[in-house]
Amino acid sequence: MLDVIFLLLCFFVTVSVFSQWENEISIKLPSAETSDEPDRLPGEIIVNLAKDGTVVVNGKLLELSDLQARLKKVAKFYPGQPVIIRADRELAYEKLVKVIDTCRAADVWNFSLATDGRD
């Protein structure tokens with residue numbers, strides 16, 4: 001009986017680790033015909049941008065200066081750290097560029113933009 005409980009615990013821990021794709025429900029990604037589900041990389045940072053320009057990382061609302069400080073720390077210890085930017089399809093392009101500039105100022109060059117394959 002203890003073995004079964006241990007196996008169930010292992011299963012749920014494994015599933016929860018792989019299902020931690022940080023999805024802000026309110027963010028609607030732009031669609032792309034060539035979009036596919038990327039391979040998840042360990043420790044990747046997901047930056048969510050709402051249509052009003054607010055930045056959310058790990059459920060915390062951040063200013064661009066706070067985001068830059070956080071990314072600088074990560075880039076210092078983990079060069080090449082992957083960052084995924086999930087921007088709402090109605091977000092002003094200028095605000096997306098500000099976040100990309102923030103990544104580049106923090107010496108993070110391995111970033112990608114998330115899209116949705118559905119319309």
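Predicted model: local features only at pLDDT ≥ 70, side-chain atom pairs only at ≥ 80, totals over all residues.
Residue numbers start from 1 along each chain as its sequence is written, and side-chain values use heavy atoms, with hydrogens and water left out. Helices are DSSP runs of H or I with at least four residues, strands are runs of E with at least two, and both are numbered from the N terminus.

Let's start with α3 itself. Its 13 residues reach 18 Å from the first C-alpha to the last, close to the 18 Å expected at 1.5 Å a residue (that is, 1.5 Å times one less than the number of residues). Its buried residues are Leu96, Val99, Ile100, Thr102 and Cys103; buried means under 20% relative accessible area, exposed over 50%, and partly exposed in between, with a 1.4 Å probe and protein chains only. Looking down the axis of α3, these fall within an arc of 155°, so they line one face of the helix. The arc is taken from the directions that run from the helix axis to the C-beta atoms. The cover over them includes β1, β2, α2, β4 and β5 (111–113).

Now for α2, which has 14 residues. Leu67, Leu71, Val74 and Ala75 are its buried residues, and they sit on the same side of α2 because they cover an arc of only 95° around the axis. The face turned away from that side carries the exposed residues Ser65, Lys73, Lys76 and Phe77. Asp66, also in α2, is partly exposed, with a relative accessible area of 40%.

How do the two helices meet? They pack at an angle of about 35° with their axes 8 Å apart; the axes are lines fitted to C-alpha atoms over the stretch in contact, and angles run from 0 to 180 degrees between N-to-C directions. On the α2 side the contact (heavy atoms within 4.5 Å) is made by Leu64, Leu67, Gln68, Leu71 and Lys72, and on the α3 side by Lys98, Val99, Thr102, Cys103 and Ala105.

Finally, take a look at Gln81, in the loop between α2 and β4 (83–87). Gln81 is buried, with a relative accessible area of 11%. Leaving aside residues up to four places away in sequence, Gln81 touches Gly43, Glu44, Ile45, Val74, Val108 and Asn110.
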